[in-house]
Amino acid sequence: MGFPLSSWDESFADIGMFIGADGGAGWWTVIAVVMTIVILVVGNISEQEKYNKHE
Amino acid sequence: MEEQIAAVIASQQVTNTFFAEAYYFLTIPLMLLIHVGFLSYEMGATRVKNVLSSGIKNLLAFSFTIVTFYFFGWWFYWALPTGFTGSEGYMAISGIAYANAIALPWGESAQYMGPNMGDHASGVFWGAFALFAATTASIASGALIERIQTVGFVILAIVLGSFAWIIAAAWGWHADGWLVTQWGFHDFGAAGCVHAVAGFFALGVLINLGPRVGKFNEDGSANHIAGHNMMATVIGLMLIIVGFFGFLMACIILPGEAWSWYGDAGTTIYGTPMTLSALGFNIVMAVAGGIIGAWVFTKDPFWMMSGALAGIISVASGLDIYFPSTVFIISCVAGIIIKPCADWLEGLGIDDAVGAVTIHGTIGVFGMVILGAVASGYPALGAFAPEDAATISFTGQVVSAGVMFLVGFIPGYLVALLLKSVGMLRVPDASQVLGLDVVKVPAQAFPEGMNSPESDA
């Protein structure tokens, strides 16, 4: 977290300037992947309940 | 003086870089029109009782494909061109090590997967490819409407959009792809890796999914299930055509950048010579040819606009080298044959609701093979290619078309079979009869009263 560069001038080199560029980017991706999977699982449970209600 | 010349050259390079960045960036919203089209097309082709459910399915296919393409789909494109070994190819822009360095959203390669002032290319290329991926998933979507479960479909869309098609693209739509280097495969506009893969993926799913309730009679004869809004469907198809201009212009590699094949000439993705002007001739000729061809037998606006799409797909492989009159002939034939091909498939008991297997799968194969027949001997790669690189040939196109079929059909069939075994593929018949919107959508498409007659089910 925090500003990963010493100044904005450094950002004009071929280097990431995003939040997490100093090593935290992978954790954002992990959280995003877990969120995606959980949303699909919860979505499927909800969908099956709806079908079961109308069987 | 030298300093002034250097300053002018540097300024020109900045202009070129920003032009290239803007060029690919603008293909992304243009390609989004494909999805506007698919949304309108599929919702129009659906009965009133399932309209919103079809829309939801379409929106989720787009969204989950984009997200998963970021997580892992992009990596496959760069990692596997030479095959599942993941070795580096002749051009040194492929292989697992290369993909690990530029296409993973974590670790060191994350610098090329997010904001970076030194990289004006990765984001726009990724964005264009992500839209290609979403398009592929949406192509399969239409065939499955009105009886596939939402989450089950999303899983299929992820497999197709972030795995199957991008494997095909790595093999046949990449200068290091083994189908290109060993078989001379040429597929400028992705008739194979996008259309054929998506069409035959859909076929694999359809075999497991089964038809909509009421589609077939006991004697095997088929009933026509009309959508509720032909205008939405036809306008949607026209929007897909508009979006395809963006899709196809994104297939050109611009000159003058570090990643360009040449400093002063545009090329295909294979590094062979290419102009945007070629697309100006050939896309519109293909649209016109497809419409005219479909009109011959059908006189039906749905099939005429499907013919336009089939027209583009039939010549997509060679849009860079076809003569416009040739384009008209091929696209017109494609338009003529789509309805008989779709009827033949229906006769086998396959309920492809919008003809996606035929328009994208069958016509995709037709286009790849026809190019092999008329373009044999053309170099498959640019001037930088190794001396023993294969040229375009009929055999190479046929073999590659077969590979595209398998890369689409096998994952579609197997994943659908798996989903079927765990009860996540087909909507229960009782819910189909009632209507999917009533069962699972907390909103109404036509709240002031417009209902499907019971006979629809």
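Mentor: In this predicted model, buried residues make up 4% of the 55 residues in chain A. The secondary structure of chain A consists of one helix and zero strands. Its radius of gyration is 20 Å, whereas the globule rule gives 10 Å for 55 residues, so chain A is more spread out than a compact globule. Along the principal axes, the C-alpha atoms of chain A fill a box of roughly 65 × 15 × 15 Å.

Chain A meets chain B through a contact that takes 22 residues from chain A and 25 residues from chain B. On the chain B side, helix 2 (51-79), helix 5 (150-172), helix 14 (429-434) and helix 15 (436-440) each supply at least two of the residues that touch chain A. Sorted by class, that side of chain B has 15 nonpolar residues, eight polar and two charged.

The largest nonpolar core has 159 residues, and the members that touch the most others are Ala140(B), Trp165(B), Val197(B) and Ala202(B). Helix 5 of chain B gives this core its largest share, 16 residues. As for Trp165(B), leaving aside residues up to four places away in sequence, its contacts are Ala133(B), Thr136(B), Leu160(B), Cys193(B), Val194(B), Val197(B) and Ala198(B).

Terms used
Residues are numbered from 1 along each chain as its sequence is written. Chains are lettered from A and ligands numbered from 1 in the order in which they are written. This is a predicted model: local features need pLDDT of at least 70, side-chain atom pairs count only at pLDDT 80 or more; totals for chains, interfaces and linings use all residues. Two residues are in contact if their C-beta atoms, placed from the backbone, lie within 7 Å. Helices (H or I, at least four residues) and strands (E, at least two) are DSSP runs, numbered from the N terminus. Ala, Val, Leu, Ile, Met, Phe, Trp, Tyr, Cys and Pro count as nonpolar, Asp, Glu, Lys and Arg as charged, and the others, Gly among them, as polar. A nonpolar core is a set of buried Ala, Val, Leu, Ile, Met, Phe, Trp, Tyr and Cys residues joined through C-beta atoms within 7 Å. A residue is buried if 20 or more other C-beta atoms lie within 10 Å of its own, exposed if 12 or fewer, and partly exposed in between; C-beta atoms are placed from the backbone. The radius of gyration is taken over C-alpha atoms; the globule rule is 2.2 Å times the number of residues to the power 0.38.
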